[in-house]
Amino acid sequence: MKTVVSTKTVLPNLRNRLEVSGLRVLDYDFISISLTNFNYTYTNAISIFTSINAVKSVLLNSEIDQIRKNKCCCVGKNTQAFLEANDFEVLLCSDYATNLTEDLKPLINNNNFVFFSGNLRRNTIPDFFKAQQKPLNEIQTYTTALTPIEIKENIDAVLFFSPSAVESFFSKNKITNKPLFCIGSTTAEKALEYSKNTIVAHQTSQLEVVKSVENYFLTLEN
């Protein structure tokens with residue numbers, strides 16, 4: 001039986017899919033998230049979210065009613081669904097931050113923006129505003145900490161859902177020529193630093209990562 005390690009706790013229905021496919025699943029949270037309290041003093045500003053964690057932090061803020069009045073842009077369909085489920089109006093949604101910056105260009109001259117970020121955020125959004133010579137208000141809403149675990153068993157594949165989880169995993173583990181399944185291209189860029197055998201899910205969701213794993217091992221069997 002093949003053993004796959006997920007660097008994030010797998011949803012029960014997805015764990016069952018993998019097990020029905022004949023795979024043994026070890027899942028651990030290789031990162032931990034802490035939500036941060038913050039002051040919010042902006043009005044009539046478009047909100048930018050690149051993570052569900054940022055949305056969760058905003059929902060706990062005392063100024064949530066004011067923030068919710070502002071339209072928003074986000075990265076990822078899961079983030080969009082979470083925002084809309086919590087009564088936010090989503091203007092734009094893109095799969096990646098680089099795509100979102102392109103979509104923001106028609107809006108950038110006539111609007112103010114607030115970027116709700118985490119401590120390990122990439123520079124894509126801030127660099128875009130800097131290149132356009134436009135101001136960006138940034139608020140750190142959560143912190144990500146690495147929580148690496150040493151895996152002492154033989155591993156046949158690893159599932160990654162963020163670049164920080166890649167860093168956390170490889171700080172304690174070494175694997176050679178095993179497939180690394182990644183939720184998106186940003187995570188894959190980090191994984192490629194450790195292995196060329198990197199596979200990117202067709203869409204940025206946990207389900208699509210699981211489908212990639214299923215297809216890979218089904219192909220091997222055939």
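Helix H2 (residues 52–59) contributes Ala-54, Val-55, Ser-57 and Val-58 as its buried residues, buried meaning under 20% relative accessible area with a 1.4 Å probe and protein chains only. Helices (H or I, at least four residues) and strands (E, at least two) are DSSP runs numbered from the N terminus. Viewed along the axis of H2, the buried residues fall within an arc of 160 degrees, so they line one face of the helix; the arc is that of the directions from the helix axis to the C-beta atoms. The model is predicted, with local features requiring pLDDT of at least 70 and side-chain atom pairs pLDDT 80 or more, whereas totals for chains, interfaces and linings use all residues. Residues are numbered from 1 along each chain as its sequence is written, and side-chain values use heavy atoms, with hydrogens and water left out.

The buried residues of H2 pack against strands S3 (31–35), S4 (45–49), S7 (112–118) and S8 (137–146), and against helices H3 (64–69) and H4 (77–85), contact meaning heavy atoms within 4.5 Å.

In soluble globular proteins, nonpolar side chains tend to be buried together. The largest nonpolar core here comprises 18 residues, and Phe-49, Val-58, Leu-83 and Phe-116 have the most contacts inside it. Such a core is a set of buried Ala, Val, Leu, Ile, Met, Phe, Trp, Tyr and Cys residues joined through side-chain atoms within 4.5 Å. Two or more residues come from each of S4, H2, H3, strand S5 (72–75), S7 and S8, and H2 gives the most, with three residues. Apart from neighbours within four places in sequence, Val-58 is in contact with Phe-38, Phe-49, Ile-64, Ile-67, Phe-88 and Phe-116.

Ser-164 lies in helix H7 (residues 163–170) and counts as buried at 13% relative accessibility. Its side chain makes a polar contact with that of Ser-162 at 3.2 Å; a polar contact is a pair of N or O atoms within 3.5 Å, where within protein one must be able to donate a hydrogen and the other to accept it, and residues adjacent in sequence count only if both atoms are side-chain atoms. When residues up to four places away in sequence are not counted, Ser-164 touches Ile-31, Leu-120, Thr-144 and Leu-146.

Overall, the chain contains nine helices and eleven strands, and 44% of its 222 residues count as buried.

Methods
Buried < 20%, exposed > 50% of the residue type's maximum accessible area, 1.4 Å probe, protein only.
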